[in-house]
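Please look at the sequence and structure first.

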Amino acid sequence: MVRVPKLTRADAAAAVRNPLAFIAERWTPDPRTVQRAALTALVMSVVIVVTGGAVRLTGSGLGCPTWPTCTDDSLTTTRAMGLHGVIEFGNRMLTYVLCAAVGWAIIAARAQKPWRRGLTRLGWAQFWVVMGNAVLGGIVVLVGLNPYTVAAHFLLSTALIAVATVMWQRSREGDGAPRPLVGTAVQQLVRVLVIASVLLIAVGTVVTGAGPHAGDSSEVERIPIDWENVTELHAVLAWIVVTLTFALWFVLKAVDAPKGPRDRTRELFVVLLCQGAIGYVQYLTHLPEVLVGAHMLGSCVTWIWVLRVLLSLRERPEATATLPGPAQETPVATRA
């Protein structure tokens with residue numbers, strides 16, 4: 001049994017002044033622990049999007065009619081508010097679970113030896129995005145599910161997924177200078193793919209804001225455009241992303257690129273085909289809630305894999321440090 005060290009008054013004061021440094025001095029996580037913490041934060045960032053979609057698709061967007069409390073007189077949902085109140089309040093509570101996952105990622109990154117400052121900053125970036133999106137979510141409720149604020153709420157969640165994906169990838173790499181694995185032309189093609197994917201997601205929020213799923217059973221403002229026309233634009237952008245992905249896959253095979261970029265591109269192509277199938281079926285079946293929710297999940301997965309393709313184009317080896325004094329010429333590898 002491991003003995004628990006006795007804490008002195010000085011230790012307590014140090015913990016209050018800088019709790020992360022205090023933990024880092026007494027705990028060194030295994031690299032896999034850091035990777036799992038980063039992956040947990042990424043998974044929770046997707047879960048919060050999917051559950052937010054469930055709030056909208058069940059018409060529970062105003063289940064708690066105010067914010068930050070659920071009603072003017074109650075912090076939590078009440079029995080009189082029924083199932084809609086439970087769903088909306090439950091989604092709010094999941095924000096605390098997301099915060100815990102992000103906090104765990106920050107602590108694990110800060111305690112890793114040697115300390116990887118960049119990895120810790122990615123964790124803190126997630127934290128502040130979560131805080132900003134929580135406030136924006138409250139504004140969405142206070143303005144009665146205004147579609148423009150709802151779109152901004154989803155786009156900020158997409159930004160959170162992006163940061164979480166980068167942190168997860170960085171937790172499995174070293175801190176050395178990035179080395180490209182493909183040529184400049186391939187890198188430019190992937191940048192175009194990323195831009196097209198961002199446009200695809202942005203137009204998707206317009207489809208949602210103009211479409212029939214307003215998020216509440218009462219009359220809710222919609223974006224004043226024909227949602228079917230925007231849906232056609234969304235489909236065109238989807239085909240552009242699919243075409244770019246297929247072209248990238250072909251180019252990577254033609255230039256005999258490393259296995260990592262080819263595998264990630266093939267996986268993205270499969271994800272896009274599944275997402276496209278769901279999209280067409282939901283359109284032809286008049287947007288059933290279950291399929292719309294599956295399409296939202298697919299949007300998150302697609303975005304993650306687009307970023308994985310981008311990040312697979314380079315490798316970051318373990319950083320090397322140089323010992324001072326007589327051993328100055330001997331490189332020492334530092335753990336990623």
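Lys 259 forms a salt bridge with Asp 263, with the closest N and O atoms 2.5 Å apart; a salt bridge here is a side-chain nitrogen of Lys or Arg within 4 Å of a carboxyl oxygen of Asp or Glu. The model is predicted: local features need pLDDT of at least 70, side-chain atom pairs count only at pLDDT 80 or more, and totals for chains, interfaces and linings use all residues. Residues are numbered from 1 along each chain as its sequence is written, and side-chain values use heavy atoms, leaving out hydrogens and water.

**The pair in helix 9**
- Both Lys 259 and Asp 263 lie in helix 9 (residues 259-284), four residues apart, about one turn of the helix; helices (H or I, at least four residues) and strands (E, at least two) are DSSP runs, numbered from the N terminus.
- Lys 259 is exposed at 55% relative accessible area, while Asp 263 is buried at 9%; buried means under 20%, exposed over 50%, and partly exposed in between (1.4 Å probe, protein chains only).

**Other salt bridges**
- By this rule the count is 10 salt bridges.
- Arg 170 pairs with Asp 175, the closest N and O atoms being 2.7 Å apart.
- Glu 315 pairs with Arg 179 at 3.1 Å between the closest N and O atoms.
- This second pair links strand 2 (residues 314-315), which holds Glu 315, to strand 1 (residues 179-180), which holds Arg 179, 136 residues apart.

**Whole chain**
- The protein chain has 10 helices and four strands.
- Of its 336 residues, 44% are buried.
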